[in-house]
Amino acid sequence: MLNIQDVRKTFFAGTVNERVALNGVSLTVKPGDFVTVIGSNGAGKSTLLNTVSGTIIPDSGRIMVGDRDVTRLPEHRKATWISRVFQDPMKGSSPTLSIEQNMAIAQRRGRSRGLARGVTRARRHEFEQELKTLELGLEHRLGAKVGLLSGGQRQALSLLMATFSAPEILLLDEHTAALDPQRAQHVTEITERIVNERHLTTLMVTHNMDQALRLGNRLIMMHEGRILFELDAQQKAEATVADLLAEFRKLQAATGEPALDDATLLETARSAEPAGAPSRGAPAHGAPTGGSSAPGVSPEGH
Ligand SMILES: Nc1ncnc2c1ncn2[C@@H]1O[C@H](COP(=O)(O)OP(=O)(O)OP(=O)(O)O)[C@@H](O)[C@H]1O
Ligand SMILES: [Mg+2]
């Protein structure tokens with residue numbers, strides 16, 4: 001389905017700001033695979049998704065979807081079959097249009113000439129049924145401007161819209177990271193359900209290792225532009241957050257660089273909190289709290 005072959009991307013090549021974002025990434029994703037992607041800040045996770053979506057054209061390597069070579073296709077040419085949800089809840093929908101107008105546009109994505117603002121009764125019914133599955137009461141607010149929704153509601157809607165037209169590939173880049181833990185949890189559950197129900201081939205970046213282990217059937221860990229290791233479904237089922245933390249620490253020992261960044265540590269502390277605990281407190285049990293193997297982090301101040 002998706003075949004990424006030795007993809008490389010360097011930003012600002014030949015200047016003092018040169019950044020090797022992808023340093024030979026190869027990955028084969030089968031139809032229906034749900035791959036979670038973890039790695040420290042700057043590991044190249046977003047760049048990888050950006051090369052798949054066409055936002056960034058790689059310097060070399062090949063990206064195949066089925067038997068189509070899509071390496072150099074720009075984003076708008078891929079939009080009918082690649083969908084994405086971003087970290088920023090403001091990005092996936094238009095605030096000045098209503099829920100149903102946004103949904104109508106999403107449904108016609110890639111096929112649309114002009115804005116599909118007119119919504120028939122049959123379509124409205126279909127939208128209501130779709131919205132009901134989110135369990136946020138949005139099915140009663142079809143005419144409400146999307147700008148009035150909360151971040152969590154908007155992100156759930158973006159997810160629904162992204163998966164509406166049965167994309168061949170769904171790309172999720174930390175799409176729950178900007179939400180408070182409760183809403184993040186809800187959007188995570190919706191993600192899991194939609195991806196499973198529609199058998200969507202999915203790449204999901206997350207700093208939440210618990211989520212990375214629980215969701216999907218494969219996990220990859222990136223560091224400095226490479227895929228360092230991969231877990232298959234069975235290995236993933238057997239692995240624990242502690243195992244993943246140990247992998248990060250091995251990296252740190254090998255490179256001398258802190259491999260566990262604040263975002264990952266914060267997410268780890270969060271997910272180790274008992275359900276219903278306040279979202280921001282001292283690092284909970286199981287979270288690294290400093291010492292030689294991992295830098296300590298206090299969720300305060302982030
Ligand atoms: N558009 C860009 N222009 C210049 N440099 C970039 C660009 N996008 C990414 N980079 C650089 O490429 C490297 C990889 O960045 P990327 O955003 O892919 O990391 P990431 O794994 O998504 O990190 P994070 O967890 O912080 O989101 C970083 O050094 C980053 O600064
Ligand atoms: Mg990123």
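Two strands pair if DSSP finds at least two bridges between them. Strands (E, at least two residues) and helices (H or I, at least four) are DSSP runs, numbered from the N terminus.

This is a predicted model: local features need pLDDT of at least 70, side-chain atom pairs count only at pLDDT 80 or more, and totals for chains, interfaces and linings use all residues. Residues are numbered from 1 along each chain as its sequence is written, while chains are lettered from A and ligands numbered from 1 in the order in which they are written.

**View 1. Strands β9 and β10 run antiparallel.** Ile-220 has Glu-230 of β10 as its bridge partner.

**View 2. An open sheet has 6 strands.** Their order is β6-β7-β8-β3-β9-β10, with mixed pairing. β6 (82-85) and β10 (226-231) each have a single partner strand, so one side of each lacks a neighbour in the sheet. On average, neighbouring strands are turned by 20° against each other, direction ignored. Axes are lines fitted to C-alpha atoms, for helices over the stretch in contact; angles run from 0 to 180 degrees between N-to-C directions.

**View 3. Helix α5 lies across β6 and β7.** This helix spans residues 151-164. Its run is at about 175° to β6.

**View 4. Helix α3 is mostly covered.** Of its 9 residues (99-107), 7 are buried (20 or more other C-beta atoms within 10 Å of a residue's own, C-beta atoms being placed from the backbone). Among them are Ile-99, Met-103 and Ala-106. The cover over the buried residues of α3 includes α4 (121-132) and α5.

Methods:
Contact = placed C-beta atoms within 7 Å. Buried ≥ 20, exposed ≤ 12 C-beta atoms within 10 Å, placed from the backbone.
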